Number of protein chains: 2
Amino acid sequence: MNDFQQEWVAVDWGTTHFRVWRMSRADVIEGREASCGLLALQKDQFESTLVNHLHGWPVNTPVLMSGMVGSRQGWQEAPYLFLPVSLREVAVGAVKVQTKELNRKVHILPGVACQDQHRPDVMRGEETQLLGLGAGVEDWAGVICLPGTHSKWVMVENGVVNSFDTYLTGELFSILRQHSILRHDLETEEFNAEHPAFVNGVEVGLSESTPLLTSLFRVRARSLLIDRDPLANAAFLSGRLLGEEVRSAIKNLPKMEKIHLVGGSSLTKLYAKALTLAEREVQQHSGDDLVRLGLTAAWRFLYS
Amino acid sequence: MNDFQQEWVAVDWGTTHFRVWRMSRADVIEGREASCGLLALQKDQFESTLVNHLHGWPVNTPVLMSGMVGSRQGWQEAPYLFLPVSLREVAVGAVKVQTKELNRKVHILPGVACQDQHRPDVMRGEETQLLGLGAGVEDWAGVICLPGTHSKWVMVENGVVNSFDTYLTGELFSILRQHSILRHDLETEEFNAEHPAFVNGVEVGLSESTPLLTSLFRVRARSLLIDRDPLANAAFLSGRLLGEEVRSAIKNLPKMEKIHLVGGSSLTKLYAKALTLAEREVQQHSGDDLVRLGLTAAWRFLYS
């Protein structure tokens with residue numbers, strides 16, 4: 001490998017966020033970020049957006065990208081790889097992007113999908129974090145929870161993603177808060193993971209004592225009859241939904257199985273608390289670091 | 001009772017609908033309806049709205065109303081009666097309305113609530129349908145399912161409402177279809193209860209094989225990977241949610257217990273199908289008729 005190839009550019013380009021790092025091998029020289037995610041761009045604006053954010057950096061270094069930029073609505077589709085998928089296959093499956101003005105190699109990592117018609121599912125971006133988590137360990141194995149608008153629970157064995165499930169938890173909380181009859185009863189400010197109403201919500205969700213669809217309406221009824229404050233209502237609802245997700249997700253997991261929790265946001269703290277209440281051991285990882293580590297692992301496969 | 005008292009006015013005034021009947025004892029002389037429900041009115045517009053719709057009818061007959069018109073946001077609050085509540089108590093609990101221009105007796109039936117802090121719940125309007133269902137049978141008993149935006153499952157024993165649960169099913173379907181990422185994958189046209197995707201959704205919901213929060217995202221994944229049509233996706237989602245509700249609601253019911261299904265809309269047909277798939281015996285009742293029968297039963301208590 002010559003000196004030139006030691007420099008490259010890593011890009012994490014999702015639905016709402018854009019982050020780019022000037023890299024020297026595995027080290028960050030400089031990082032930039034912006035809110036120009038997929039939703040903010042037209043199809044023909046991706047290349048110029050990237051060009052703008054590379055300003056002042058070396059002009060011929062290769063670029064490796066991950067996330068929704070490779071979806072059908074993104075810059076160029078990087079078709080899904082179907083389960084089971086090794087983390088090495090994700091790296092090798094990078095798709096070359098047709099550029100107009102950029103005179104460099106640009107690749108996008110593929111997403112991963114399950115095509116079983118009884119269990120269809122998709123991920124884009126999380127596979128890169130998994131790649132980061134297993135980087136350097138050939139036979140990496142573990143259960144990974146990736147919180148988000150659509151949270152993922154993934155089973156990796158021997159460096160291979162065998163199965164995963166997506167939960168609509170985060171988006172459901174958001175649309176209930178914005179668009180349902182509950183919107184009158186929910187505070188939009190943040191609460192923390194120790195809020196008693198959050199803890200109570202998780203416990204109800206873990207216990208299976210009340211159907212989810214009934215719990216949702218009871219937030220409204222509680223507000224009408226018992227006059228709980230809107231912040232407590234929001235905390236309860238969040239806990240109730242997370243408790244439901246965690247109960248379902250750990251149902252078939254051995255009690256001793258440690259859960260790798262990927263994130264860094266306030267949401268991750270809520271998941272950590274919910275998993276602790278479910279008496280599960282948790283190991284937390286920084287989501288930002290894992291994306292970069294995953295892109296770096298893929299870059300090694302591709303360019304070294 | 002003199003001849004004058006034989007005429008009265010029944011009003012069913014909900015969140016989105018308004019129906020009024022000129023009655024002679026239990027018989028309808030004339031009916032009118034409009035879309036001036038609670039959501040379409042300011043607090044001071046209820047009386048004039050009613051006056052407009054009584055045009056041409058006798059001027060001194062008493063008026064008996066039911067529904068959201070008696071909520072805090074309605075014309076005048078008719079406070080909830082708390083469980084356990086006999087159907088007779090609902091009738092006797094009618095609240096006299098302060099009128100400005102109307103020179104007649106106007107009453108609103110109270111709603112019913114459960115104040116148990118672990119199980120808070122409210123209904124307004126459905127109690128009148130229950131009154132209609134049990135009218136004339138002192139010790140009426142049964143399990144009643146009332147489909148709607150917020151569907152209710154009610155246990156009546158010996159003419160007394162002992163417990164009930166509300167499910168946010170209908171509203172959840174609606175906000176998922178309008179506001180979630182699934183909106184791209186769902187047709188807004190109607191499907192019928194025999195649609196294979198609806199039946200499949202109910203079966204998944206009844207079986208507990210897939211967590212609800214996972215099923216929701218799979219509608220999206222199925223659309224991306226398997227290319228199911230948007231009408232089938234909507235039918236599946238509807239069935240999945242109804243199946244979830246029915247599974248939860250019948251869990252502790254004896255297998256032989258008949259379920260009284262109150263409605264008349266296309267939604268009721270979907271519930272009837274879901275209950276049949278759950279191998280439950282169903283007896284259907286017209287919701288419109290029951291409101292009027294309930295108001296009539298209450299009128300008898302109040303004026304005879």
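These questions and answers go through how some features of this predicted model get their labels.

Reader: What makes strand β1 of chain A largely enclosed by the rest of the structure?

Author: Count its buried residues. A residue is buried if 20 or more other C-beta atoms lie within 10 Å of its own. Six of the seven residues of β1(A), residues 7–13, are buried, so the strand is largely enclosed.

Reader: How do you know that β1(A) pairs with strand β2 of chain A?

Author: Pairing needs at least two bridges between the strands. Seven bridges join β1(A) to β2(A), residues 18–24, and the two run antiparallel. One bridge partner in β2(A) is A:Phe18, which goes with A:Trp13. The link between β1(A) and β2(A) is a hairpin through four residues.

Reader: What makes helix α4 of chain A largely enclosed?

Author: The count of buried residues does. Eight of the eight residues of α4(A), residues 126–133, are buried, so this helix is largely enclosed by the rest of the structure. Among them are A:Glu126, A:Glu127 and A:Gln129. A:Leu130, A:Leu131 and A:Leu133 are buried too.

Reader: What makes α8(B) oblique to α9(B)?

Author: In chain B, the axes of α8(B) and α9(B) come within 10 Å and cross at roughly 60°. That angle makes α8(B) oblique to α9(B). The crossing of α8(B) and α9(B) is right-handed.

Reader: How do you know that β5 and β10 of chain B are edge strands?

Author: Start with the order. An open sheet of three strands runs β5-β9-β10 in chain B, with mixed pairing. β5 and β10 each pair on one side only, and that is what an edge strand does. β5(B) and β9(B) pair in the parallel sense over two bridges. In that pair, B:Phe82 stands opposite B:Ala113. Helix α7 of chain A lies across β9 and β10 of chain B, at about 85° to β10(B).

Reader: How many residues of the two chains are in contact?

Author: 33 residues of chain B are in contact with 33 residues of chain A. On the chain B side, α7(B) gives the most, with 10 residues. By class, that side has 17 nonpolar, nine polar and seven charged residues.

Reader: Why is B:Gln178 called partly exposed?

Author: Exposed means 12 or fewer C-beta neighbours, and buried means 20 or more. B:Gln178 has 13 inside 10 Å, so it counts as partly exposed. B:Gln178 is found in helix α5 of chain B. B:Thr188 is 10 residues away in sequence and 9.2 Å away in space, C-alpha to C-alpha.

Reader: What makes A:Arg25 worth a look?

Author: Most residues other than glycine have a negative phi. The phi of A:Arg25 is near 50°, a positive value, and A:Arg25 is not a glycine. A:Arg25 sits in the loop between β2 and β3 of chain A. With 14 other C-beta atoms within 10 Å, A:Arg25 is partly exposed. B:Arg25 also has a positive phi, of about 50°.

Reader: Where is there a cis peptide bond in chain A?

Author: Most peptide bonds are trans. The bond joining A:Leu83 and A:Pro84 is cis, with omega about -10°. A:Pro84 is found in the loop between β5 and β6 of chain A. In chain B, the peptide bond from B:Leu83 to B:Pro84 is cis, with omega near -10°.

Note on methods
Residues numbered from 1 in each chain as written. Chains lettered and ligands numbered in written order. Predicted model: local features only at pLDDT ≥ 70, side-chain atom pairs only at ≥ 80, totals over all residues. Contact = placed C-beta atoms within 7 Å. Nonpolar A, V, L, I, M, F, W, Y, C, P; charged D, E, K, R; others polar. Axes fitted to C-alpha atoms, helices over the stretch in contact; angles between N-to-C directions. Parallel < 35°, antiparallel > 145°, perpendicular 65-115°, else oblique. Left-handed = near helix turned anticlockwise from the far one by under 90°.
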